[in-house]
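Notebook open, model loaded. Here is what I looked up, in the order I got to it.

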Amino acid sequence: FLKMADMKSNLLKILGTLTPTNFNIKEGLDIPEVRDEFAHLYKYGMSMMQAGLLTADQVKETVMERLIKRTGLEPEEFDKWLGY
């Protein structure tokens with residue numbers, strides 16, 4: 001069997017090196033794919049809470065810090081942007 005380090009090395013060879021995106025989210029809010037990705041992440045967080053994997057406070061903090069903050073919108077604006 002492959003050791004974990006070997007597996008990681010092989011995976012990196014297959015996928016290449018991951019790098020942070022330089023995409024400016026705040027300037028791309030009108031791009032449907034950007035909104036769709038944020039909607040997916042939001043729904044995923046909600047489903048994790050409903051499954052008991054995260055608490056409501058954990059989801060709220062994550063949505064505020066990792067999603068809403070990145071858009072530059074206020075929470076009410078974010079909900080409207082996602083269509084809620």
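Predicted model: local features only at pLDDT ≥ 70, side-chain atom pairs only at ≥ 80, totals over all residues.

I started with D79, which is partly exposed because its relative accessible area is 30% (buried is under 20%, exposed over 50%, partly exposed in between, with a 1.4 Å probe and protein chains only). D79 sits in helix 4; helices here are DSSP runs of H or I with at least four residues, numbered from the N terminus. I also checked D79 against A39: they are 40 residues apart along the chain, and their C-alpha atoms are separated by 9.5 Å.

Residues are numbered from 1 along each chain as its sequence is written, and side-chain values use heavy atoms, with hydrogens and water left out.

Next I went to helix 3, residues 56-71. Its 16 residues reach 21 Å from first C-alpha to last, close to the expected 22 Å (1.5 Å times one less than the number of residues). I found a bend of about 35° at M64, taken as the angle between axes fitted to the seven residues ending there and the seven starting there. After helix 3 comes G72, with a positive phi near 80°.

Which residues of helix 3 are buried? I got V59, V63, L67, I68 and T71. The buried residues of helix 3 pack against helix 2 (32-50) and helix 4 (75-82), contact meaning heavy atoms within 4.5 Å.

Last, M48 in helix 2. Leaving out residues up to four places away in sequence, M48 touches L53 and L54.

Key
Helix = DSSP H or I, 4+ residues; strand = E, 2+ residues; numbered from the N terminus.
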